[in-house]
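Have a look at the model first, then read on.

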There are 2 protein chains.
Amino acid sequence: VRWAENAASIDLLDQTLLPVTERRILLTTADEVIEAISSLRVRGAPAIGIAGAMGLVTAMAGFAGLPRERFHALLAETADRIVAARPTAVNLAWAVRRTRAAGETAASNDAVIERMRVEATRILDEDRAMCRAIGEHAVILLAPESRVLTQCNAGALATGGIGTALAPIYIAHERGERVRVFAPETRPLLQGSRLTAWELERAGIDVTLLPDSAAGALMANGEVDLVIVGADRIAANGDVANKIGTYSLAVLAAAHNIPFYVAAPTSTLDPATASGASIPIEIRAADEVRRGFGAFTSPPDVPVFAPAFDITPGRFVTAIITERGILRPPYEGAIARLVETSESERQRVAR
Amino acid sequence: VRWAENAASIDLLDQTLLPVTERRILLTTADEVIEAISSLRVRGAPAIGIAGAMGLVTAMAGFAGLPRERFHALLAETADRIVAARPTAVNLAWAVRRTRAAGETAASNDAVIERMRVEATRILDEDRAMCRAIGEHAVILLAPESRVLTQCNAGALATGGIGTALAPIYIAHERGERVRVFAPETRPLLQGSRLTAWELERAGIDVTLLPDSAAGALMANGEVDLVIVGADRIAANGDVANKIGTYSLAVLAAAHNIPFYVAAPTSTLDPATASGASIPIEIRAADEVRRGFGAFTSPPDVPVFAPAFDITPGRFVTAIITERGILRPPYEGAIARLVETSESERQRVAR
């Protein structure tokens, strides 16, 4: 995700076409940005936060000539519409609201847009640094030749930097250490095979693909040393919303005494949500399962259980790795304190 | 699976084309039968046993004119080749060997073929009765409105009758009882979506499809009352080889206190195999995962972990339902005794 045309548009890789086609697209209007987020052209909690923030700027830039009151009403409405594009990841709401807040007190419409542009750029830059910091903290969890199981894609394609769950892998690889990644294909949209396998292979990192259903057998064979996944939202008690299948991996990891780590920026922590039970779970279209590959692979009208995410209770999470360090259970107080400190520090730096 | 053309060929539904196309194919030669079994045109442990037995007959019928010695050498070789088409399910070896043994002492080549034809037909007929008997035993496990999770397809399409894991569902439905089935799609070849959803929907039974990775979330939501799966081989100690993903479901079921049942004919019990560790696990072609739907859904050369089956330790199995009754742990002695009794009874009936 990057600025294009002097920050008048967003330039991003259309992830729905990978691994067959690498095509970059330009987004400007709110409708374009919302379509790209909800159809997963851009996905991954940090990346949709960045795209949402930048999208608020490019969308509003077209309306600088409106009367101030009309402009601000439209700004509020556009921010709400972008936030609603995907409900589960808290980063989207966080980044859009932060961007909007940055422009709030500016004197003119142009100044609002300019301040929001600075803020969205800051979110992008911070995200890059955040990925690296997560990787630096998490890399100590990798022994030499570690075999890491992940889920979906929490890599470079999901962020502005080197990813969250995959960040320690990239850093170990940079240091010349051997590390091996197992990537479940992650049905229905196959972000594991289409994205994780693709980006790791490109980086020269040893990656093996598996059907989601084979993770248990892989663990039983003794081939997994640790699990690292990303997160779309982490509740106050450490419950983690992440791509469907994450919870199954957590239960399997516990049954095999394999540590289960979650890597995510502090913007994914949501102390306002008490537990996973209050996290809204997005339900995807049934046809993503019934005919995700063109032809029907099931009866065309069969009902489908197709949540995009599941909740992994905090008790299954060995540690949460953020850009500000590693949290261990009990998560309750630790998450609240971390968010409070990061927020006040950010405001201090901004002043 | 049925005889065609006066038992000179096998007539079967090509399951690789479902649910889009219903096409029946005729098989006669050993090569045709082996191709159909290894490419999963016919699949499911009982059904490949039947197809293998019938295939031995149709293949050898073309060689009745050979000298006796040459005929018997070819018979041995053909039986071995058919058995090797898929290594994990023990039913295939069991049915082919039983068919061959039936002809062994016959005076002429024609008489060998005739006796084998009678035996293969008997295996088919027994399979039909076996399915119904499994269903009758298993149906008591279903409370009114039970919600059953299965895996892959252990239904009518996998057997000569009403299936194994799905047999109690069909019987409950015949009796006018409501039952609801959850069918994981079962990557890579999607026998859950293509076959289980298709055959249950046709039968008017309430079926919901889910990605394999969503089974944990479904259980956590409290939507599963019991799990029933089939088996490709059951070792002396109760360890179960079944479609990849079965083990994950067993671990998840245990974590949610959900009973986990295996439904299989006694021909699936293999007391000669001490434990799951000695069961050969078939590895499928990597491209079934990398490009199972035509286009590449991953980098074209990425390594893949693609076992067709996994092993569920007997300690996860609440009960094994056979056509001769329900086995409960400890399985060690129970399995040996059951196989011994069924074998001696079969021989008594045959005399």
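Which side chains meet in a salt bridge at 2.5 Å, N to O? They are A:Glu185 and B:Arg187. A salt bridge here is a side-chain nitrogen of Lys or Arg within 4 Å of a carboxyl oxygen of Asp or Glu.

Some ground rules before going further. This is a predicted model, where local features need pLDDT of at least 70, side-chain atom pairs count only at pLDDT 80 or more, and totals for chains, interfaces and linings use all residues. Residues are numbered from 1 along each chain as its sequence is written, chains are lettered from A and ligands numbered from 1 in the order in which they are written, and side-chain values use heavy atoms, with hydrogens and water left out.

**Where the chains meet**

Between chain B and chain A the count is 2 salt bridges. The contact (heavy atoms within 4.5 Å) draws 46 residues from chain B and 46 residues from chain A. About 3,800 Å² is buried between the two chains, with carbon and sulfur atoms giving 69% of that; buried area is the accessible area (1.4 Å probe) that two parts lose on being put together, summed over both. On the chain B side, B:Leu209, B:Ser213 and B:Phe305 supply 18% of the area buried against chain A, more than any other three residues.

How do the copies relate? Chain B superposes on chain A by a rotation of 180° with 0.0 Å of shift along its axis, at an RMSD of 0.0 Å. The two copies are therefore related as by a two-fold rotation axis. The same surface serves both copies, since 100% of the contact residues of chain B recur in chain A. The superposition is by least squares on the C-alpha atoms of residues with pLDDT of at least 70 in both.

**Salt bridges within the chains**

Over all chains, the whole structure has 44 salt bridges. Here are three of them.

| Pair | Closest N to O distance |
|---|---|
| A:Glu119 and A:Arg122 | 3.0 Å |
| A:Arg178 and A:Asp206 | 3.5 Å |

A:Glu119 and A:Arg122 sit 3 residues apart in helix 5 (residues 109–138) of chain A, about one turn of the helix. Helices (H or I, at least four residues) and strands (E, at least two) are DSSP runs, numbered from the N terminus. A:Glu119 is buried, at 6% relative accessible area, while A:Arg122 is partly exposed at 36%. Buried means under 20% relative accessible area, exposed over 50%, and partly exposed in between (1.4 Å probe, protein chains only).

Next comes the pair from the second table row. A:Arg178 forms a salt bridge with A:Asp206. A:Arg178 lies in the loop between helix 6 (167–174) and strand 5 (180–184) of chain A and A:Asp206 in strand 6 (residues 206–210) of chain A, so the pair ties together parts that are 28 residues apart in sequence. A:Arg178 is exposed at 52% relative accessibility, whereas A:Asp206 is partly exposed at 29%.

There's also a network of salt bridges linking A:Arg86, A:Glu282, A:Arg284 and A:Glu288.

**The nonpolar core**

The largest nonpolar core has 70 residues, and A:Leu149 and B:Leu149 have the most contacts inside it. Such a core is a set of buried Ala, Val, Leu, Ile, Met, Phe, Trp, Tyr and Cys residues joined through side-chain atoms within 4.5 Å. Leaving aside neighbours within four places in sequence, A:Leu149 is in contact with residues including A:Phe182, A:Leu210, A:Met219 and A:Leu249.
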